[in-house]
Amino acid sequence: MCGIVGYIGGRDCADVLMDGLEKLEYRGYDSAGIAVFEKNIIRTVKTRGKLKCMADKLAAEGKPEGFCGIGHTRWATHGEPSDINSHPHSNGRVTIVHNGIIENYAELKEFLTEKGYSFVSQTDSEIVACLLDFYYDEREPLRAIMETVKELRGSYALGILFKDFPDRVYATRKGSPLIVGLGESEYFIASDIPAFLKYTKNYALLDDDEIVAIDNGGVRFFDVHGIEVKKRVQTADWDIEQAQKCGYPHYMLKEIHEQPEVVKKTLDSLVRDGVPDFSGIGLTDDFLRGVKRVFVVACGTAMYAGMVGRYAVEKLARVPVAVEIASEFRYMDPIVGEDDLVILVSQSGETADTIASLELAKSRGAKTLAVVNVKYSAIARGADMCIHTLAGPEIAVASTKAYMVQITALYALAFRFAYARGKIPADEMKRLTAQLYNAPKAIRDVIDNKDECQFIASQLVNVETLFFIGRGFDYALSLEGSLKLKEITYIHSEAYAAGELKHGTISLIERGIPVITVATQRDVLAKTVSNMEEVKARGATIIAVCRKGTEFAEGTVDIKLGLNIGDEPSVGCEPSIGCELDDMLIPLPTVCALQLIAYYTSVLRGIDPDKPRNLAKSVTTE
Ligand code: F6R
């Protein structure tokens with residue numbers, strides 16, 4: 001995945017592009033570049049490395065002076081990160097930036113080679129510049145774009161400059177996001193809204209195969225046949241502060257701190273008169289009563305959020321729920337049909353495998369529900385129904401607040417599901433909802449006591465491998481805690497259902513290997529404790545994450561992280577008593593502790609947690 005931007009207006013274009021790229025750096029950060037019309041001639045500056053390298057290069061070489069241009073931040077797919085493979089790419093009379101994958105680039109390359117074109121990079125994107133040039137013989141940019149996109153297979157968002165048309169930007173898309181920012185006499189294209197949020201909140205969405213032409217006179221949209229179309233102007237409900245670090249050293253830490261607030265905001269949007277109400281999106285009690293099976297389909301952290309949702313829905317509503325990895329679901333010929341509800345969970349709403357799973361579920365007649373944070377995304381727009389989570393822009397590559405609001409929404413759904421199916425009375429739905437409103441306070445408490453997580457991080461900083469174990473909800477949390485830790489610390493980590501370790505993996509346990517045991521669920525606590533003892537007996541260092549009041553036999557636990565979420569049994573407890581949470585809801589504060597442990601370990605290891613190696617924020621390729 002990459003990020004693209006484009007600008008035309010009265011400001012210094014290079015500054016606006018660099019500013020926009022900084023907001024999109026989460027999409028890719030192995031190289032960057034810009035191309036700007038400087039006195040009617042396109043000048044391109046690009047380099048391998050993070051945006052900082054690009055800023056240094058601009059400072060050394062002098063930035064292109066002009067008011068119209070395009071920019072790119074790359075996450076390499078075809079061709080290693082290098083100066084040559086960085087975007088923008090030019091060939092002949094066309095300069096482009098591209099986000100996506102051109103699947104038939106090899107055959108197009110062969111065709112263009114026969115036509116006399118030669119290539120300097122190893123990218124699939126350069127082919128697009130050549131093809132545009134090939135179809136540009138009549139010097140009609142719109143026609144050249146229309147002809148070119150007919151030939152492209154795969155996904156793309158393209159920003160395009162034609163050398164004969166200074167101060168004009170063209171753009172088109174299919175499968176990859178592209179948004180047109182509409183300011184006062186200035187216009188933007190971008191992969192995501194934060195890139196231009198500083199200048200305008202007004203935007204229009206480009207649909208698949210549409211083309212936009214922007215010059216100083218304004219913006220014109222065209223459909224695939226070149227017919228001009230009108231677009232609805234929308235207003236972003238995100239603030240610029242949400243897309244900035246606001247004094248935090250990293251986006252990830254800022255986003256962790258935002259969690260109490262975004263959980264509350266998301267809940268407020270889902271709750272009416274004290275209970276979850278989804279009737280506004282068509283998810284009525286009648287509908288929920290008729291569902292035979294639920295599938296939750298997602299990738300990575302979003303999939304682990306789905307596991308929490310599964311435990312909650314099955315426990316309360318007694319409906320079978322399968323959690324599926326999207327990249328598997330799309331190819332496994334799943335038994336899914338009309339009576340099933342397929343829930344697609346995604347922060348970005350543009351994950352390629354999740355999009356494909358959505359299409360598959362729809363083609364089999366299942367009802368689809370998106371739980372998505374980016375409301376203009378492909379998944380939000382493609383599903384029959386959509387719960388829009390309100391985390392705001394999530395910039396750090398490792399997902400934190402988006403996971404938190406995903407599980408919040410799935411809990412709310414579980415409560416309503418259970419009520420609709422007659423498994424819990426209205427009073428219990430109300431009580432559970434009130435409990436969920438206690439979560440922000442419990443999460444805040446974890447954040448206020450973050451020095452305990454910092455201490456655990458200091459104990460992990462030099463380890464080479466570690467394990468997470470837990471049962472039920474704690475197992476789902478272990479998977480997420482382990483993923484978070486390994487992706488931003490590069491420490492090898494594995495998560496296991498606590499009872500599973502002894503079926504093979506326990507042979508890896510030796511003296512000093514940390515085993516982080518998530519032990520918040522009282523119904524399985526005794527069982528988890530015996531698994532803890534099994535690994536302790538083989539030399540493991542045990543770090544227990546549990547309720548503050550949980551006691552362990554002497555010598556079992558080396559470090560205890562006690563969460564302040566009440567020690568009383570949840571049965572019959574009043575929601576008004578401080579942070580007290582039902583066991584089922586403990587994942588909300590607990591995951592916050594696991595996120596903080598991962599964050600501080602990353603920082604102590606000298607890694608930038610916002611931009612871990614090899615990763616991009618949204619995975620728009622298979
Ligand atoms: C890990 C992480 C990823 C994403 C996954 C799905 O911290 O963020 O595992 O959860 O790539 O992305 P979305 O939610 O955008 O579909």
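Select the shell around the ligand and colour it by class: five residues are nonpolar, seven polar and two charged (Ala, Val, Leu, Ile, Met, Phe, Trp, Tyr, Cys and Pro count as nonpolar, Asp, Glu, Lys and Arg as charged, and the others, Gly among them, as polar). This is a predicted model, where local features need pLDDT of at least 70, side-chain atom pairs count only at pLDDT 80 or more, and totals for chains, interfaces and linings use all residues. Residues are numbered from 1 along each chain as its sequence is written, and side-chain values use heavy atoms, leaving out hydrogens and water.

Next, pick Glu487: one of its polar side-chain atoms lies 2.4 Å from an oxygen atom of the ligand. Move to Gln347, where a polar backbone atom is 2.6 Å from a ligand oxygen. At Ala302, a backbone N or O atom lies 3.4 Å from an oxygen atom of the ligand. The protein covers 90% of the 410 Å² of accessible area that the ligand has on its own (Shrake-Rupley method, 1.4 Å probe).

Now colour by domain. Why does the ligand lie between domain 2 (247-436) and domain 3 (438-607)? Both give residues to the shell around it, so it lies between them; the bounds come from an automatic or database domain assignment.

Finally, zoom out to the whole protein. Its C-alpha atoms fill a box of roughly 80 × 55 × 45 Å, taken along the principal axes. Of the 622 residues, 62% count as buried, meaning under 20% relative accessible area (1.4 Å probe, protein chains only).

Methods. A polar contact is a pair of N or O atoms within 3.5 Å; within protein, one must be able to donate a hydrogen and the other to accept it, and residues adjacent in sequence count only if both atoms are side-chain atoms. Buried means under 20% relative accessible area, exposed over 50%, partly exposed in between (1.4 Å probe, protein chains only).
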